[in-house]
Amino acid sequence: MADPDANLDAAEKVAELLSRHKIDAVVIGAVALAAYRYIRQTDDIDLGVNADVPTLRRIVTSLHEAGFAAVLREPDGDDPLGGVIDVTGDFGLVQIVSYADRFPLVIEDAVRGASLVVREGSPLRIVPLAQLVALKLYAGGLKSKSDIVEVLARNPECDLDEVERVCASYRLRGLKKLLQDPR
């Protein structure tokens, strides 16, 4: 990350802009993993949202008006995401990742259940651990699977049965096998 404090400041401004569009956001990705004691290198802050493409387009316009450089990558039919906005500047990168029309319930539940904040007074709330695992399981891929194993290993007090129940409620499969697989 170019400047972690500047990146965090920018992400907070982006979250405030999203709220003006009536869009709730939760921190996902490597910053959320770090909140749960699994620290790995990252170059960005990811914000999970539910926003359809027309709303994402309006958000890009608002970001430009606020002085941010922003590019929307619209989804195609095979995309597991509902669109991604890359917000860039001297601060680094903030990504707005939409799950609308793809996996919206996990973001709705995460917004309702998020209680951790990235720092005191911040509008940025961290995705709850169960939904973070669900997002990683949804993403698939080796890095995401490794993230699941590592974050759960670093949180032994976590109720694995609850995490499995949450993932099953989203019809996600493979968590139990992933956790039983010997490396």
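A residue counts as buried when its relative accessible area is under 20%. The exercises below apply this cut-off and others to a predicted model.

**Exercise 1.** Decide whether Y170 and F103 are buried or exposed.

*Solution.* Begin with Y170, whose relative accessibility is 9%; this value is under the cut-off of 20%, so Y170 counts as buried. Then take F103, which has a relative accessibility of 7% and therefore also counts as buried. For the protein as a whole, buried residues make up 48% of the 183 residues.

**Exercise 2.** Classify the geometry of the aromatic pair formed by F103 and Y170, and state which parts of the chain the pair ties together.

*Solution.* A search of the whole structure gives 4 aromatic pairs. In the pair of F103 and Y170, the ring centres lie 5.5 Å apart and the planes stand at 80 degrees; because an angle over 60 degrees counts as edge-to-face, the pair belongs to that class. Next, locate the two residues: F103 sits in the loop between β5 (92-98) and α4 (104-113), while Y170 sits in the loop between α7 (160-169) and α8 (175-180), so the pair ties together parts that are 67 residues apart in sequence. Finally, both residues belong to one aromatic cluster, formed by Y99, F103, Y138 and Y170.

Conventions
Residues numbered from 1 in each chain as written. Predicted model: local features only at pLDDT ≥ 70, side-chain atom pairs only at ≥ 80, totals over all residues. Heavy atoms only, no water. Phe/Tyr/Trp six-rings, centres within 6.5 Å; stacked < 30°, edge-to-face > 60°. Helix = DSSP H or I, 4+ residues; strand = E, 2+ residues; numbered from the N terminus. Buried < 20%, exposed > 50% of the residue type's maximum accessible area, 1.4 Å probe, protein only.
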